[in-house]
Amino acid sequence: MRNSSLCYIENGDSYLMLHRVKKVNDENHDKWIGVGGHVEPDESVIQCLRREVIEETGLVLLDQRPRGIIDFISDEWGYERMFLFTSDSFEGDLPSLPDGTVTVDCNEGELRWIDKDDILSLNLWEGDKLFLKKLAADDPFFFMELRYEGDELVSHITGGRTFAEKVYEQVARIPLGKTSTYGEIACLAGHPGAARAVGNALHVNPYEG
């Protein structure tokens, strides 16, 4: 199973979208997605996210909001677990044209600021439309399974969070450079007194490389 990160960077009423048109053998070719990529060995999900944002946009994330965990199951591309974020806190500048096209070069494709109301009119994966609607509704942290055959979405499940997923959500909210105790995380996850279970969950925490 591969782990990956994906972030929708916000600027007012717009998301920064990437039209994937440059890479060879890109499973996302010609699709519009957020910014992110695969987690490298010995890299946490947060480290991956921040590295990918810098590489693809030149922006430096100052904070990120964990929004969900998406499992993709594909007969062509295998099994991937994606950690979904949004962020409106970053440093840097992306010069752009009046239509939102960013003039900074990106080796993955074309970057463009897209009004949130227009996102669903883009060439998106069908599953992406489902979790983008949840972002638009500001739904709480969620889990989703998307199963594909080729480019066709054949089934999808949106479920409640397990205890471990609640723990991962709270850990992902800890600001960079800060720490929190297992007991504090247990309380934030809605299970006071479950500090030991938090420790067990964090032994296999996918947010840590």
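On a 1 Å grid over the protein atoms alone, a pocket is an open set of points where a 1.4 Å probe fits, with protein on both sides within 12 Å along at least five of seven lines, and its lining residues have an atom within 4 Å of a point. Keep in mind that this is a predicted model, in which local features need pLDDT of at least 70 and side-chain atom pairs count only at pLDDT 80 or more, while totals for chains, interfaces and linings use all residues. Residues are numbered from 1 along each chain as its sequence is written, and side-chain values use heavy atoms, with hydrogens and water left out.

**The largest pocket**

Begin by selecting Glu27, Asn28, Ile33, His38 and Glu80, which lie nearest the centre of the largest pocket among the 28 residues that line it. Next, colour strand S1 (2-11), strand S4 (35-38), helix H1 (45-57), strand S6 (65-74) and strand S7 (78-87), the elements that each give two or more residues to this lining; helices (H or I, at least four residues) and strands (E, at least two) are DSSP runs, numbered from the N terminus. S1 gives the most, with four residues.

**The aromatic pairs**

Select Tyr8 and Tyr15, a tilted pair at 5.3 Å centre to centre with 50° between the planes. Both Tyr8 and Tyr15 are buried, where buried means under 20% relative accessible area, exposed over 50% and partly exposed in between (1.4 Å probe, protein chains only).

Then move to Trp125 and Tyr148, whose ring centres are 5.3 Å apart and whose planes stand at 75°, so this pair is edge-to-face. Trp125 sits in the loop between strand S9 (109-115) and helix H2 (126-136), whereas Tyr148 belongs to strand S10 (residues 142-149), so that the pair links distant parts of the chain, 23 residues apart.

**The cysteines**

Finally, select Cys7 and Cys48. The count of disulfides (pairs of cysteine sulfur atoms within 2.5 Å) comes to zero. The sulfur of Cys7 is 11 Å from the closest cysteine sulfur, in Cys48, which is too far for a bond. Cys7 counts as buried because its relative accessibility is 0%, and Cys48 likewise counts as buried at 0%.

Conventions. Rings of Phe, Tyr and Trp (its six-membered ring) pair if their centres lie within 6.5 Å; planes under 30 degrees apart count as stacked, over 60 as edge-to-face and the rest as tilted.
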